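Subject: Structure handover

Hello,

Here is the structure for your files. My notes on what was found in it follow below.

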Amino acid sequence: MRLISLFALLLCSLASLAATPLQDSLELIGIQQLCLQTGALAQQGMPAEQQARLAKAFDGERLCHDLQQRLAKRLSREQQEQAQVLLGGELARFFSEAERSAASDPQLAAYRQRLAEQPPLGARVELIQQLDATAHTSALASLLRYEIGKSQAWLTVHSRGESIDEQQLASATVEQQQRLQQASQQAVQGFMLYAYRRMPSEQLQSYLDLYRQPPLQALLQASQEELLQLFRERRSELLH
């Protein structure tokens, strides 16, 4: 599930002639692009004197590198290669092309507006919801925004000479997390409904089954867990 297409926010892919199976997979599912934009997003709306610290702690290339290193230790070589094969197959690339086309379609905004006014129901919507959950698409997108917001709040509190720990920070931002998750789900699922509108449900089911494959689930789950840990570690760096 290419997050770069789903949100039309991300930079063009950075191709590498010597990409490993793991690097290739992270690129294909959009996690590489998520990592690369963290530094710029972390600085948005923050005072000038804090931006340099945030840029250093959340440097995108460094975050990508650290994530790849950790995933390489968690996932076997076989899992990495199997994930690459699944994501590089004809079915996955067919859906990726549909996503890229929809992301630049001027009719997308009007379609989303109609969805907001008249939310759809039925088996097709349930299938889209299952695909979103299985591919961790809205979960990963909201994770990035939420963890960046938490990090900005963390730095703001400590810059005032006050203190807050991770548990307190999570408790204080529960409502923000819920709002981000809901907004992310609406955006992702609305996009999917539009991008895949001409595809039969049987083909969509095949795409869902592809993401249910153990190698992809292992990659997605590990990526989410390691990103959370990396953000916690980066917040600690802000105090030094």
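H11 crosses H13 in a right-handed manner (right-handed if the near helix is turned clockwise from the far one by less than a right angle, left-handed if anticlockwise). The model is predicted: local features need pLDDT of at least 70 and side-chain atom pairs count only at pLDDT 80 or more, while totals for chains, interfaces and linings use all residues. Residues are numbered from 1 along each chain as its sequence is written, and side-chain values use heavy atoms, with hydrogens and water left out.

Helix H11 covers residues 137-159; helices are DSSP runs (H or I, at least four residues), numbered from the N terminus. H11 and H13 pack at an angle of about 140°, and their axes are 8 Å apart (axes are lines fitted to C-alpha atoms over the stretch in contact, and angles run from 0 to 180 degrees between N-to-C directions). On the H11 side, the contact (heavy atoms within 4.5 Å) is made by residues including Thr-137, Ala-141 and Tyr-146. Among those of H13 are Leu-180, Ser-184 and Met-192.

H13 (174-195) also packs against the buried residues of H9, as does helix H8 (90-103). Those buried residues of H9 (108-117) are Leu-108, Tyr-111 and Leu-115 (buried is under 20% relative accessible area, exposed over 50%, with a 1.4 Å probe and protein chains only). On the other side of H9, Ala-109, Ala-116 and Glu-117 are exposed.

On confidence, the mean pLDDT (the predictor's confidence in each residue, from 0 to 100) is 90, and 92% of residues reach 70 or more. Over residues 4-18 the pLDDT is below 50.

Regards

Terms used:
Helix = DSSP H or I, 4+ residues; strand = E, 2+ residues; numbered from the N terminus.
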